[in-house]
Amino acid sequence: MHGCRKAFFPDSQKLLQHPNFWIADTAASIYVTSHKIELKNIRKMKQEVSLGDKSAIVANEMGDISAQMCDRYENIISKAKLTDVAMIQSEYKLVSCSKT
């Protein structure tokens with residue numbers, strides 16, 4: 001991710017669409033992003049991704065993302081590497097809580 005500077009926590013759901021914000025999703029089976037610029041080690045793929053509204057979209061690329069997790073005071077809590085992140089057209093970035 002791009003780092004922790006200028007972190008903000010408004011009371012609006014617009015935060016969910018911020019490019020540095022990931023949603024932890026217990027129903028997700030894969031990681032997804034719509035921000036290709038973050039992806040490293042990009043690979044071709046063809047995988048159907050089921051969305052929460054029961055629709056489906058095809059992911060044609062995947063890659064890896066290095067990320068930092070921060071608290072609301074911009075302190076780095078942890079660093080992580082997400083592997084096999086599917087690139088899809090979406091307003092949100094999802095982290096699977098169940099992916100192993």
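**Around D64**

Author: Leaving aside neighbours within four places in sequence, D64 is in contact (heavy atoms within 4.5 Å) with E38, L39, K40, N41, R43, K81, L82, T83 and D84. This is a predicted model, where local features need pLDDT of at least 70, side-chain atom pairs count only at pLDDT 80 or more, and totals for chains, interfaces and linings use all residues. Residues are numbered from 1 along each chain as its sequence is written, and side-chain values use heavy atoms, with hydrogens and water left out.

Reader: Is D64 buried or exposed?
Author: Buried means under 20% relative accessible area, exposed over 50%, partly exposed in between (1.4 Å probe, protein chains only). D64 comes out at 8%, so it counts as buried.

Reader: Which residue forms a salt bridge with D64?
Author: A salt bridge is a side-chain nitrogen of Lys or Arg within 4 Å of a carboxyl oxygen of Asp or Glu. Here R43 pairs with D64, the closest N and O atoms being 3.4 Å apart. R43 sits in strand β3 and D64 in strand β4, 21 residues apart; strands are DSSP runs (E, at least two residues), numbered from the N terminus.

Reader: What about R43 and D84?
Author: Their side chains also meet in a salt bridge, at 2.6 Å, N to O. R43 lies in β3 and D84 in strand β5 (residues 76-87), so the pair ties together parts 41 residues apart in sequence. R43 is partly exposed at 24%, and D84 is partly exposed at 35%.

Notes: Helix = DSSP H or I, 4+ residues; strand = E, 2+ residues; numbered from the N terminus.
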